[in-house]
Amino acid sequence: MATKTIKVDYLARVEGEGAFKVVMRNGKVRSAELSIFEPPRFFEAFLCGRAYSEVVDIAARICGICPVAYQMSAVHAMENALNVTVDGPLRALRRLLYCGEWIESHTLHIYMLHAPDFLGYDGVVDMAQDHGAAVTRGLALKKAGNEIVALLGGREIHPINVRVGGFYKIPSRRALARLAESLKKARDLALETVTWAAAFDFPDRERDYTFVALRHPDEYPYNEGRIVSNRGLDIATADYDAHFTETHVARSTALHSHLSDGGAYLVGPLARYNLNHDRLSPLAKEAAKACGLGASCRNPYRSIVVRAVEVLYACDEALRIIDSYEVPARPAVPVALRASVGFGATEAPRGLLWHRYRLAADGTIAEARIVPPTSQNQPSIEADLADFIEGSLDLPDEALRHLCEQTVRNYDPCISCATHFLRLDLERG
Amino acid sequence: MPTAGQRCVVIGIGNPDRGDDGVGRRVAQSLRGRLRPEVEILEHGGEAASLLACLEGVAAAYLIDACLSDAPAGTVQRFDVTQMPLPLDRFGFSSHAIGLAQGVELARVLDRLPARCVVYAVEAASVATGAGLSPPVAGAVEAVCEALQAEIQDRGAADD
């Protein structure tokens with residue numbers, strides 16, 4: 001009887017602190033566990049008692065890589081609660097801000113975290129010795145994303161310019177015109193990125209995932225849409241709770257999410273792409289086709305190519321928004337307070353990010369819930385590890401360990417984000 | 001105005017909400033008004049890719065960050081990173097995927113390291129969320145400022 005354990009105690013090239021353990025016995029995977037030991041941060045608890053208006057900046061602090069996503073889900077939930085509609089150019093500017101974050105976050109993952117797996121390097125510094133031009137391209141592309149977030153968000157990280165009802169300050173046409181010049185160059189770099197990533201060697205693995213993402217009538221989803229799946233789910237944001245459950249597992253400080261029938265599901269670029277391929281811009285669609293990515297893709301290792309297509313889309317969409325931009329009459333619409341409950345779901349770079357808030361009549365937050373993408377993907381990450389590794393048990397340990405790490409990194413897991421919501425139950429005598 | 005090739009930047013790196021990790025930024029704040037006006041003083045969260053962007057076209061860069069080694073809290077170490085890499089294990093606690101030590105190495109590999117590039121590292125006692133600077137680290141801020149002031153002013157005089 002042969003038992004073998006592949007273990008990585010501290011995952012590299014992911015955001016936050018996690019580990020995994022795969023136990024094999026007699027040629028079968030007995031268990032595959034992703035452990036998240038990043039300390040919980042209790043964001044939901046300390047949002048309670050704060051004013052509705054503070055959540056936008058507090059939620060941004062959940063993540064240094066995807067703060068816009070947290071701001072956007074939070075601000076939309078508040079606007080939903082307070083029955084405020086932000087449309088026209090203000091809505092477009094928020095979409096533009098989100099484009100910036102996708103470019104930043106995806107490019108960081110593609111070039112600095114994930115590409116070394118495919119090209120056989122320990123990390124980006126080693127990779128840059130042989131692939132300097134590619135890394136330079138990645139840095140220039142990421143910079144364009146930073147420029148968008150800095151202009152619309154007031155600074156590159158943890159932006160501070162979004163408020164319930166709109167923005168504090170609106171960019172000038174001239175500033176946007178300058179941004180467009182950077183973005184035109186970035187779009188070319190993004191196109192090169194698609195071609196570059198598509199030429200990697202990908203493990204030939206697929207799974208029949210349940211994909212879950214937002215879907216909007218006209219747009220590739222960022223800020224708005226119904227929550228849909230490839231298995232017939234089609235619900236409003238407010239109905240999320242009736243269809244998904246969160247449970248605590250001992251090995252993780254992040255809750256695990258499942259569909260209410262118990263099934264695992266997948267959120268993120270692969271899910272978005274499969275459910276919204278028809279909403280991509282012609283340029284992004286064409287680039288995907290040219291590099292051999294069909295309208296559907298179930299190989300998670302190819303998610304790096306899907307991210308590249310999404311970066312191209314984000315550059316293209318940002319330029320479209322700037323081109324059709326009309327200066328709004330005012331930076332924000334007025335807000336009237338009331339006791340209410342609001343929901344917001346947006347597409348963070350790593351997938352669906354759902355928020356729910358209950359407000360008291362004076363706008364104080366009475367209850368907050370945040371479901372981040374990485375917590376939703378944990379069961380799928382474990383299932384991938386179990387499934388894919390079983391076919392590769394003949395690999396030497398080191399190669400097998402690397403395949404496991406690469407498999408986890410397919411998800412670009414943001415472990416810090418996933419760990420702020422451990423429930424704290426206090427019994428008082 | 002200095003041309004791109006002569007730019008001199010001081011970058012305080014860290015997260016001010018993580019205890020002593022904020023020391024770099026505190027040094028940057030304390031230096032405002034104390035250096036030649038053409039020296040740019042920046043504060044930065046430490047994410048390597050955007051840090052590299054800050055080094056574009058820079059001739060001299062002075063970076064200040066917290067570090068964790070076995071030295072007593074508040075100990076200040078100076079590294080000329082044009083001569084050798086930063087010891088990776090002391091700069092490995094960045095909450096970002098790629099921290100300062102790797103950022104410096106990436107700049108070196110891509111031939112983007114400024115001709116003069118110095119890192120001042122202050123030994124941290126605690127990087128607890130929400131904490132301010134610990135007394136030994138707060139006590140080291142002025143010494144780092146004075147060292148940088150002397151180094152940058154001397155450099156300016158030498159260039160004149």
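Me: What volume does the second largest cavity have?

Reply: Let's start with the general idea. Rolling a probe the size of a water molecule over the atoms shows where empty space is left. In this predicted model, the second largest cavity has a volume of about 90 Å³.

Me: How many cavities of 30 Å³ or more does the structure hold?

Reply: Three. The largest cavity holds about 120 Å³ of space. Its lining has 13 residues, and those nearest the centre are Gly64(A), Ile65(A), Glu104(A), Lys142(A) and Glu47(B). Of the elements, α4(A) gives the most, with three residues. The class count for the lining of the largest cavity is four nonpolar, five polar and four charged.

Me: Let's turn to pockets. Which residues lie nearest the centre of the second largest pocket?

Reply: Look for His76(A), Asn80(A), Asn223(A), Glu224(A) and Phe343(A), which belong to a lining of 17 residues. The second largest pocket has a volume of about 470 Å³. In chain A, α3 (67–81) and β11 (340–348) each supply at least two of its lining residues. By class, the lining of the second largest pocket comprises six nonpolar, eight polar and three charged residues.

Me: Now for helix packing. At roughly what angle do the axes of α12 and α13 of chain A cross?

Reply: First, the general idea. Two packed helices are described by the angle between their axes and the distance between the axes. Here, the axes of helix α12 (residues 373–390) and helix α13 (residues 397–409) of chain A cross at roughly 145° and come within 10 Å. The crossing of α12(A) past α13(A) is right-handed. On the α12(A) side, the contact is made by Ile381(A), Asp384(A), Leu385(A), Phe388(A) and Ile389(A). On the α13(A) side, the partners are Leu400(A), Leu403(A), Cys404(A), Thr407(A) and Val408(A). The residues of this contact of α12(A) with α13(A) count as eight nonpolar, one polar and one charged.

Me: Where does confidence matter when I read these features? For instance, what is the mean pLDDT of chain A?

Reply: It is 90, with 95% of the residues of chain A reaching 70 or more. Over residues 420–429 of chain A, though, the pLDDT is below 50, and this stretch has 21 contacts in the model beyond near neighbours in sequence.

Me: What pLDDT does chain B average?

Reply: Chain B averages 87, and 87% of its residues score at least 70. In chain B, confidence is highest in helix α1 (residues 23–31), at 97, and lowest in helix α4 (residues 135–159), at a mean of 88. Residues 92–96 of chain B stay under 50, and the model has eleven contacts for them beyond four places in sequence.

Me: And what ipTM does the predictor give the complex?

Reply: The ipTM is 0.85, alongside a pTM of 0.91.

Methods: Residues numbered from 1 in each chain as written. Chains lettered and ligands numbered in written order. Predicted model: local features only at pLDDT ≥ 70, side-chain atom pairs only at ≥ 80, totals over all residues. Heavy atoms only, no water. pLDDT = per-residue confidence, 0-100. Helix = DSSP H or I, 4+ residues; strand = E, 2+ residues; numbered from the N terminus. Contact = heavy atoms within 4.5 Å. 1 Å grid on protein atoms, 1.4 Å probe; cavity = no way out; pocket = protein on both sides within 12 Å on 5 of 7 lines; lining within 4 Å. Points joined across faces, edges and corners; volume = space filled by probe spheres on them. Nonpolar A, V, L, I, M, F, W, Y, C, P; charged D, E, K, R; others polar. Axes fitted to C-alpha atoms, helices over the stretch in contact; angles between N-to-C directions. Left-handed = near helix turned anticlockwise from the far one by under 90°.
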